[in-house]
Structures are given as C-alpha cells and as structure tokens.
Amino acid sequence: MAADTQSRPAASTLAEKVWADHLVTKGENGEPDLLYVDLHLVHEVTSPQAFDGLRQSGRPVRRPDLTIATEDHNTPTIDIDKPIAEPNSRQQVAALRTNAEEFGIRLHSLGDAEQGIVHVVGPQLGLTMPGITVVCGDSHTSTHGAFGAMAFGIGTSEVEHVLATQTLPLAPFKTMAVTVEGSLRPGVTAKDIILAVIAQIGTQGAQGYVIEYRGSAIRSLSMDGRMTICNMSIEAGARAGMVAPDETTFAYLKNRPHAPQGDDWDAAVEYWKTLRTDDDAVFDAEVFLDANTLEPFVTWGTNPGQGVPLNESVPEPSSFTNEVDRHAAERALDYMELEPGTPMKDIPVDVVFMGSCTNSRLDDLRAFASIIKGQKKADGVRVMVVPGSARVRLEAEAEGLHKVIEEFGAEWRFAGCSMCLGMNPDQLQPGERAASTSNRNFEGRQGRGARTHLVSPLVAAATAIRGTLSSPSDLGIDIPSYSIAEVVA
Amino acid sequence: MDTVSLVEGVGAPLRRSTVDTDQIIPAKFLKRITKTGYDDALFYEWRQNPEFILNTPPYDKARVLVAGPDFGTGSSREHAVWALRDFGFAAVISSRFGDIFRGNAGKQGLVVATVPQDIVEAIWAELEAHPGLEVAVDVASREVRCGAITAPFEIDDYTRWRLMEGLDDIGLSLRHEDAIEHFETTRASWRPRTLPALGG
Ligand code: SF4
C-alpha cells in the first residue's frame, strides 16, 4: 500500500488521490502527466483503427490481461443467433473478433453470458473496483466512477495508445463537488437527481472537471443508482464522475468473479478506505442540490440539460434570459414539435425504451417491473425492455421479471445498446416520440427525425401504462417498497 | 513514426476557405474499420468533378496542400488526417487551422504550417504560374520555400520537436518504458486482471 499512495499531495480530493496513485511520470515544462491504466474496455466501434495502427507499427498489446472486449453498439437484440444483417455492422463486429483473436484479448461475443453493454459488463464481473483507472473508447465510461474509480472516455488514437503502452499522457482535470443532501421522496430516483443536476449547471457546466458526487442522498443509493448518476456526468460536460467507495461498494463487489479474494480482499479494502476526499481538501467548484424537494424529472428538448420536473410544462423560449439558450429552446421545440405551456404530462409517446448503460441493470428492471406488474400497456404504445447484459437478462429471468414484462405487453429483448443510438436495427421511425431511460436526447440520436424524452425507469413504466408522460403517483400505483429500497434509498 | 525534417513535393493550390473536416472526408466513410485506404475518400464530393484540381496531373501526385484560411475546422474525426496522408500529402499550408485538426495532424506526422494569408496568396500565384512546381516545408529551419518565395512558418516547439525526432505519442510514452515497468512492479496484486477469465 505504501507504494500505492506515496505520490499523494497533502489534503487532496478523491480524484486527486486516484490520479496521484497512477502517476508513471509527472509532466514537467508543459508536458502532460503519464497515467497508468488499470482496466481498458474495448468495443467494436472505436477499436478497429486502433488495432490497425498497432499492426502498421508492429506493436503488440502491452497488457492483454488488463484489457477486455465486448460487442454492444451494433448488435441486434433479437435473432442474435443469426448473422448480423447490416453489412457495416457485421464487418465491425467481425473485425473485433479477428483483432481479439490476433492480439490475445478476452472477448465476450453475442450469445455469451457476459456479453452486453461495455459499462454493464465491467462492474458485473467485478473488474471495475475502487481506486482504479478505467478507460474505454466511449464517453459513458464515466459510469465506472460510481465505484470510486477514475473512469473516462477516450478517442481512437488514445485507444491505440493504451493498447500499446497501458498509459495515457494527460493534464490533470479540475475538481467539482456536487453535493446532494436529504432523502428522496418515493418515486424519485438517481436518474432524477442527475437530470436535475444537468438542468442546473448546463450541458457544459462541468467541462474540464471530474465531478465527485457527495452527500447523504448519494450515499443512500445502491451501486446501480450511483452508476446511473456517474454515467451521465459527460452530459454535464465532465470528463468523469466519481462516488467515494463505502460499505455499499464493498458489499456489491464481494464475491464477484474478478473481485480480490482472501488476503488481497483485505488489502484492497484497507486501501479503498483511504479513498475519500480529505476534510481540508478544496474543490475547484461546488454545486449543491436539495434531495428533499426533488421531483421526477423529464427532458423536453434536444439536449439533456433541457429538462423540467414532470409536473411542470414545456417552457416558453422567452423565459430564457440568455440569448443562446433562447435560440436553442426555439430550435428544440421546433424539432420536438412541442408547444410552450403544454403540461409535460399531456405529451403522448409512441415508444417506451427501457434500457441503455444509464438504466438497464437489475435494479432498474426491478423498479420498472414493480410498477407494471399486473397492468397492461397503453394501446398503440410500443414498449421495449432491453437488459444491459446477457447476465442481467438471466438474473431478471431468475426473478421472473420477464414474465411480468411480457404479460404487460412489452418486448423482452437480448442485451445491447439497442435504441440508445441509431447504430443497430432498434430505431425510432421519423417523427416518432419516445420516453427513454437512456442518456442522450440529441436530434436523430434514436433514429432520423426521432424525438426523445429522457426519463427514469419509474416514469418509463408509468408512461407505458398511461401512454403519456407520467409518474407512478399519477396512476395511484403504490411504489412497492422493494423498488424504493433498491432504486431510491 | 518516420522523422520529418523536410517535406518537398508538388504543391497543390486549393483556393477555398473554411474547408471543414466534413468536406475533407464525409461522415459516410466513418463506418470503415481501417486506418488506411482513405485516399479515395479525400474531398469526396469535390472529386466527383473530373476537373477538380486533385484529379488532374500534376496535382494528383501533390505532396503539399496550400489552402485558404480555417482549414480543418468542424468535427474531430481523425479520418481527415488519414485521408490527406493516404492521398499522399505530407504537409498542409494555410493561414489558420482548426485546433483539433492541428492536434490530430501532429499525431500522424502530417506537417501543418501556418503562414500569413499574403504568403498563401503569393504561393498560389507562383504555383498557378508554374504548375508542378515543388514546395518545400522545412521543419528544421521553420521555412516554406516555393520558387522565389521564402517565408517563415509557425509551428509550436513541442510539435516540431516530435516531428523531427519521429515521435508519435506512443513513441513518446514508450521513452518512459522503464518507468512504466517500474510502476507495474509496484502495482498491488488486488488490482484487476481480465485474464485468466473468471466467471461466465
Ligand atoms: S448504451 Fe448508449 S450511451 Fe451506453 S454505451 Fe451504448 S450507445 Fe453508448
């Protein structure tokens, strides 16, 4: 442990500690620091050119034993035993399989029990743990910060860099504390916290920062809830998001396939307990949120910062004092085909998408199922439920959740990114409107001309029942206590 | 990466400004899986016109592109640099470049030389008067030369040093290989390993 922590400055934040503990060299004279990477996650979209680059320069993968790959973005979520129909998608997946074979990298392919969205796979295997550095050619790598890891997305050249050197040259990030104190009311979830944070600070509000989420409301969340929050850090512009590890973290990790065992476990926990921001450490920026007053949150526009509490209405563009925001609101409402002043709860949807690396873990599925149990979906609404990984799918089925979902009239699919982005067959038709538990409501994100409202799993479930944006309380449905326990507190 | 201290070759005058990366390579080529083979994708839309300058000799063998201001703005796609390189360009001269493009170029050994717009105009005139004339981009002396023109260009010290030493980012990090190895010997045994695969 001494060797691990000796580079730490006095009075440091969680992020600064993890950074210091991974310094290979400290940059001088304007040169960046060289940071060691503990875990490199790879998927089919951003890796082919990186492997090609290694081949061109005759370099091997330095640490195949710190690298793991899965197939998620391009993969279909039905008929997964058939060849992928779309030629470009098939080619990207085929390239990953060839590259993994050639460079000796562990790959979980479609059909494998550990296949799934890359950010669901790392944690479920126990590979994601406190105090490590995690990178992946994907911006939502911030998800893994929920364990107190320093986790961030990188570009294709950097993927090649990590494959070749297991390091990255980087300038330190600034630090921001987002403190959420209080207790959440029933029906308010981790997703609502992060949507409220982004609405408060804006989509670029945390640019250049690593966020540390703190406070009693964060502490009370399960790991799945913490992952939902860290996942969307990038939507506030942050490089990464983190939560200091605690007993919840340790309990989640204990006995996972790759979690430390025996003496290693004890040494790890001892080290992990040092991973908290010192009382006298100073953040470069601080943001506060009151959990007691939070309500279910939903987006009305085309970026994740354009959100309001579900009880409110589509805003008037003229209510934005800043001209850039006003223009953005006008454009967004035009694209979303929404009238200012319309109550959010009057907005009907065509599709409900329950999935993505933001909300596709077991807790999310449990919360969703707890609301729809014994109900029927609204007529004419398509409801897709897509588990984050094949393992999550198995676990959900072991609890019988798939029966609840199918009896409700929803589609129970195989694991993948699915309708989170228009790269695989699961897409919205032009003009269709979705309530989606994913993380990006950009124009065209879920298909050309598609309209997206970002919501929590509980709101997704109530919306699927009523057909318009709704929360469980609108339906007079009690939120079963286990879902509150699992999702909220 | 090869060391680059002097680029010499046929100069192609591209009298266009704000050539963004979508024009350098359209999005439809981003689904490819290789890092090479983008020569046909470079300026794809423009090259559908047989008269486009890079379709006509001697410019089809050009090595130095001389473009209008704000070259390489827009999306961060690294493919823009790959396409220029695959076509055969080793240097681009302009009065202003997109920031991300300039960074990406440095990573791939493509020399990006910033000169005042009046120098660009002078080189254009010289090249148009003498098609096939060579342009020299001398990284060592920080000079561009073309016919009677000799002018200094701007390049930051760190990028210049990396070009002349032939260091890509990976090469640079591997200079610290001893430090990386040392770090690895101190890495705690509880830290994750993906191999051998456990579970599943
Ligand atoms: S689920 Fe969506 S956000 Fe997450 S990795 Fe896949 S495409 Fe990206």
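This is a predicted model: local features need pLDDT of at least 70, side-chain atom pairs count only at pLDDT 80 or more; totals for chains, interfaces and linings use all residues.
## Ligand shell

The residues around the ligand come from chain A: A:His73, A:Ile117, A:His119, A:Asp138, A:His140, A:Ser356, A:Cys357, A:Cys417, A:Cys420, A:Leu421, A:Asn439 and A:Arg445. By class, this shell holds five nonpolar, five polar and two charged residues.

## Contact between chains A and B

Chain A contributes 61 residues to the contact and chain B contributes 42 residues. About 4200 Å² is buried between the two chains, with 55% of that area on carbon and sulfur atoms. On the chain B side, the residues that lose the most area to chain A are B:Lys31, B:Ile33 and B:Trp190, which together make up 20% of what that side buries.

Between chain B and chain A there are 25 residue pairs in polar contact, both residues being at pLDDT 80 or more. Four helices of chain B, α2 (79-87), α3 (99-108), α6 (169-174) and α7 (177-186), each supply at least two residues of the side that touches chain A. Of the elements of chain B, α7(B) gives the most to this side, with seven residues. The chain B side as a whole divides into 16 nonpolar, twelve polar and 14 charged residues.

## Salt bridges between the chains

Eight salt bridges are counted between chain B and chain A. One of the pairs is B:Arg187 with A:Asp38, where the closest N and O atoms are 2.8 Å apart.

Another pair is A:Arg59 with B:Asp168, with 3.3 Å between the closest N and O atoms.

A network of salt bridges links A:Arg62, A:Arg63, A:Asp65, B:Glu177, B:Glu184 and B:Arg193.

## Salt bridges over the whole structure

Over all chains, the search finds 41 salt bridges. Some pairs lie within chain B. B:Asp86 pairs with B:Arg85, their closest N and O atoms being 3.2 Å apart; B:Arg85 is partly exposed, with a relative accessible area of 23%.

B:Arg145 forms a salt bridge with B:Glu143, and the closest N and O atoms of this pair are 3.1 Å apart. B:Arg145 is partly exposed at 27% relative accessible area, and B:Glu143 counts as partly exposed at 27%.

How values were computed
Residues are numbered from 1 along each chain as its sequence is written. Chains are lettered from A and ligands numbered from 1 in the order in which they are written. Side-chain values use heavy atoms; hydrogens and water are left out. A residue is near a molecule or strand if one of its heavy atoms lies within 4 Å of it. Ala, Val, Leu, Ile, Met, Phe, Trp, Tyr, Cys and Pro count as nonpolar, Asp, Glu, Lys and Arg as charged, and the others, Gly among them, as polar. Contact means heavy atoms within 4.5 Å. Buried area is the accessible area (1.4 Å probe) that two parts lose on being put together, summed over both. A salt bridge is a side-chain nitrogen of Lys or Arg within 4 Å of a carboxyl oxygen of Asp or Glu. A polar contact is a pair of N or O atoms within 3.5 Å; within protein, one must be able to donate a hydrogen and the other to accept it, and residues adjacent in sequence count only if both atoms are side-chain atoms. Buried means under 20% relative accessible area, exposed over 50%, partly exposed in between (1.4 Å probe, protein chains only).
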